[in-house]
Amino acid sequence: MNTVCVTNQKGGCGKTTTAVNLSWSLTELGKTVLLVDLDPQGHASLALGFDTDLLDRTVRDSLVRPPLAVSDLFLPFSDKLDVVPANISLASLEQELAGEPERELRLRQALADLGRPYDYVIVDCPPSLGFLTINALVAADEAIIPVETSSFSVHGLERLLETIEMVERNTGRRILVRVLATDFHGQTRYAREFLESLSERFGEQLFETVIHHSVVAKDAAARGLPVGRAHRHSKLDNDYMALSTEIVESAPVVEVENLRKWEEKLFGPSVRGEEVIFRLHAPGARKVQLAGRFNDWDPQQGEMKRDPISGVWTIRVRVAKGSHQYRYIVDGEWIEDPANEVHEYGETGFRNSVVLVGDQ
Ligand SMILES: Nc1ncnc2c1ncn2[C@@H]1O[C@H](COP(=O)(O)OP(=O)(O)OP(=O)(O)O)[C@@H](O)[C@H]1O
Ligand SMILES: [Mg+2]
């Protein structure tokens, strides 16, 4: 799954038009897509025909505590495209959550468990660099920055890039950032020169695809349809098809199977000399402990720490050479290590996970 946020604090540069039509054209390429409307204006929801005034469940419900699962919130638009809608109720959320811990991680946590595998999650951001946009960036693998070529302005772009770098530093993750030229009037010389200067500044970070100015953008949105449905094969539809092809080809989605194999290597016990690092992926858990022979099966001696972003719980333990049985205690429930295939039956008759330390 690739999470792509469409962001720029400048208003009206084509974020929503891009989020909606990119989502649709990705489904035309056979991809499954979840479009998350993260703007209190609810424009992405409206552009796909959902009456935001009538919604009693919105993206807001996945960001408050206790959260509703995203799978309880989305509205299906087609068999490949679901929408998590937003409305004005999102506007007050930043103030309500002021001072709460980890509030920038809420969207990332909500998207960690979708109940259905999507190829892409597309997030439409509001025109600000506030709490909602930070949530989107923390969740994102990629960021698309639409720049309206008709306004000849990159005002604020450096600040946006600085914000992205700040998020990268704080999360330790890279975000693939690319600029998209939108609302391009190809017949005007200034527009062509502006595009050239964008290309000089951003090089390969500028999408080859250019989104042209077209009257069908407004018309399709007003009818609550993606351009590909309202005006199939129009120039704008072709532009967004080209954009989605560029995205699919340049950033291959990690196959779930490969991801699992990779994750298996990441989790479970890893032995470094006489120290073992135990890692368990349990993003929804409130408390995770480790118990084994090495700590007299006493969970209180094995409190694990949660990484707020990945939901991975970790503990380092010094253990003697030999074979050691252990279990995790997740919110009071004793479980085997799902990432470790080595087991043994313990004295009490239960099957425990086993870690070998030293040259066995
Ligand atoms: N390629 C285009 N050609 C013509 N009009 C466009 C194009 N792209 C967007 N528009 C129109 O420009 C207006 C602003 O676009 P859009 O809503 O996508 O911007 P936005 O960045 O999401 O705005 P906001 O910052 O308010 O969220 C809309 O009326 C939209 O229909
Ligand atoms: Mg918008």
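## A strand with seven bridges

Seven bridges tie β10 to strand β13 (residues 312-318), and the two run antiparallel. A quick word on terms: strands are DSSP runs of E with at least two residues, helices are H or I runs of at least four, and numbering starts at the N terminus. Two strands count as paired if DSSP finds at least two bridges between them. Within this pairing, Arg 279 has Thr 314 of β13 as its bridge partner.

Before going on, note that this is a predicted model, where local features need pLDDT of at least 70 and side-chain atom pairs count only at pLDDT 80 or more, while totals for chains, interfaces and linings use all residues. Residues are numbered from 1 along each chain as its sequence is written, chains are lettered from A and ligands numbered from 1 in the order written, and side-chain values use heavy atoms, leaving out hydrogens and water.

Put together, you get an open sheet of four strands in the order β9-β10-β13-β12, with antiparallel pairing. Its edge strands are β9 and β12 (305-306), each pairing on one side only.

## Zooming out

The protein chain is divided into domain 1 (2-253) and domain 2 (262-357), with bounds that come from an automatic or database domain assignment. Taken over C-alpha atoms, the centres of domain 1 and domain 2 are 39 Å apart.
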